[in-house]
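Work through the exercises below with the sequence and the structure at hand. Each task is followed by a solution in steps.

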Amino acid sequence: MNTQATSKPSTKRSLASSIEGLRGIGDLDPRVTVIKETASVIPFIIKTGIVCGIGYFIYRSYTNRFIKFKENNNYPVANVTLAQAESRANTIDQSVGTFSGDFDAIANAISGLNYNGFVRVYNAFGNRKSTFLGSEMNLIEWLRDQLDDYQFSQISLLLNGAFF
Amino acid sequence: MTVQQSNNLKYGIGAIALIGVVYLAVTSNKGGGATNDPIVNGNNAASFNAQNVANDLLEAMRYLGTDEEEVVSILKYVTQDQFGKVFTAFGKQQYNKTLGNQQNPTAWFDELPFENLKTWLKNELSTEEYNILRLKYPKYL
């Protein structure tokens with residue numbers, strides 16, 4: 001098709017009067033071509049986004065997974081049973097109120113543990129959310145999140161600074 | 001099988017069995033408790049000095065306005081047994097319970113009473129802070 005002829009306004013008007021003509025103008029108009037090319041990329045971008053999103057989710061799930069502490073056989077056996085450790089972990093978890101945490105309850109649950117006893121409580125706690133919308137945290141992260149620096153240092157004092 | 005091959009087989013089995021026994025002996029220390037527990041027994045025995053800790057505590061508490069965080073910091077690595085030694089080393093120090101220090105406005109009239117570490121800590125710390133120490137040192141507080 002002669003491009004000089006079609007570029008004339010009168011020719012465009014006559015071509016635009018038919019569907020075939022509209023297609024002809026579309027094929028020739030660089031703006032339409034650009035839009036078509038741009039639109040053709042959108043599915044690729046969406047697919048890439050989905051794949052990256054799934055990959056990131058898997059990565060986050062892997063890196064945020066709970067890794068248990070191992071009991072140290074060189075130290076005395078834990079001074080709490082697994083059931084007691086679970087109970088203490090639950091007490092700590094439930095000590096968070098709507099507006100403030102019950103520090104005394106946390107301190108009581110942590111006190112009196114030996115090294116392997118704390119390991120059991122830590123493992124029983126696993127990863128838990130401190131608030132409804134919060135992210136999951138292990139016991140040490142949870143304590144650091146819920147307590148202020150001074151309270152955190154007092155909990156550390158109870159554990160003789162063994163873990164944090 | 002020749003005699004030589006038979007002997008080699010016996011020696012091989014014997015060596016494997018010996019390695020297995022040694023391995024089991026080394027790794028079977030389940031909760032033996034040979035090493036001191038870092039929470040119960042602490043791991044600062046070499047550097048611990050009860051008199052120094054007692055002096056640091058007195059210094060943190062003797063003036064107006066106790067540094068509670070300093071007290072917690074001083075006692076962080078002190079185990080219950082070690083605290084017993086600190087308690088003894090602290091002994092009894094003159095203490096003005098009303099002012100919370102060692103000032104004596106009526107020195108011309110009478111001297112300040114001598115109080116032990118328990119009384120000092122109970123007066124200088126908040127109830128919550130003192131309760132934390134009680135959880136750690138139930139034998140002495």
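The model is a predicted one.

**Exercise 1.** Locate Asn138(A) and decide whether Asn138(A) is buried or exposed.

Solution. 
Step 1. Find the elements on either side: Asn138(A) sits in the loop between strand E2 (136-137) and helix H8 (139-146) of chain A.
Step 2. Apply the cut-off: a residue is buried when its relative accessible area is under 20%. The relative accessibility of Asn138(A) is 13%, so Asn138(A) counts as buried.
Step 3. List the surroundings. Not counting residues up to four places away in sequence, Asn138(A) touches Phe66(A), Tyr122(A), Phe125(A), Gly126(A) and Asn127(A).
Step 4. Look for a polar partner: the side chains of Asn138(A) and Tyr122(A) make a polar contact (3.0 Å).

**Exercise 2.** Which residue forms a salt bridge with Glu71(A), and where do the two partners lie?

Solution. 
Step 1. Identify the partner. Glu71(A) forms a salt bridge with Arg120(A), and their closest N and O atoms are 2.8 Å apart.
Step 2. Glu71(A) is in the loop between helix H4 (30-63) and helix H5 (82-94) of chain A, while Arg120(A) is in helix H7 (residues 115-125) of chain A; the pair links distant parts of the chain, 49 residues apart.
Step 3. Check accessibility. Glu71(A), at 33% relative accessibility, counts as partly exposed. Arg120(A), at 22%, also counts as partly exposed.

**Exercise 3.** Which residues do salt bridges with shared partners join into one network?

Solution. 
Step 1. Start from Arg128(A), which forms a salt bridge with Glu86(A), the closest N and O atoms being 3.7 Å apart. Arg128(A) lies in strand E1 (residues 128-129) of chain A and Glu86(A) in helix H5 of chain A, so this pair ties together parts 42 residues apart in sequence.
Step 2. Asp93(A) is in helix H5 of chain A and Arg128(A) in strand E1 of chain A, 35 residues apart.
Step 3. Glu86(A), Asp93(A) and Arg128(A) are joined into one network by salt bridges that share partners.
Step 4. Compare with the cut-off. Arg128(A) counts as buried at 14% relative accessibility. Glu86(A) is partly exposed, with a relative accessible area of 35%, and Asp93(A) counts as partly exposed at 25% relative accessibility.

**Exercise 4.** Describe the contact between chain B and chain A.

Solution. 
Step 1. Count the residues: 27 come from chain B and 28 from chain A.
Step 2. State the area. About 2,300 Å² is buried between the chains, and carbon and sulfur atoms give 61% of that. Ile39(B), Ile132(B) and Leu135(B) lose the most area in chain B, together 28% of what that side buries.
Step 3. Count the pairs. There are zero salt bridges between chain B and chain A, but six residue pairs are in polar contact.
Step 4. Assign the chain B side to elements. Helix H3 (68-75) and helix H6 (127-136) of chain B each supply at least two residues; the largest share, six residues, comes from H6(B).
Step 5. Sort the residues of that side: eleven are nonpolar, eight polar and eight charged.

Technical notes:
Residues numbered from 1 in each chain as written. Chains lettered and ligands numbered in written order. Predicted model: local features only at pLDDT ≥ 70, side-chain atom pairs only at ≥ 80, totals over all residues. Heavy atoms only, no water. Contact = heavy atoms within 4.5 Å. Buried area = accessible area lost by both parts, 1.4 Å probe. Salt bridge = Lys/Arg side-chain N within 4 Å of Asp/Glu carboxyl O. Polar contact = N/O pair within 3.5 Å; in protein donor to acceptor, adjacent residues only side chain to side chain. Helix = DSSP H or I, 4+ residues; strand = E, 2+ residues; numbered from the N terminus. Nonpolar A, V, L, I, M, F, W, Y, C, P; charged D, E, K, R; others polar. Buried < 20%, exposed > 50% of the residue type's maximum accessible area, 1.4 Å probe, protein only.
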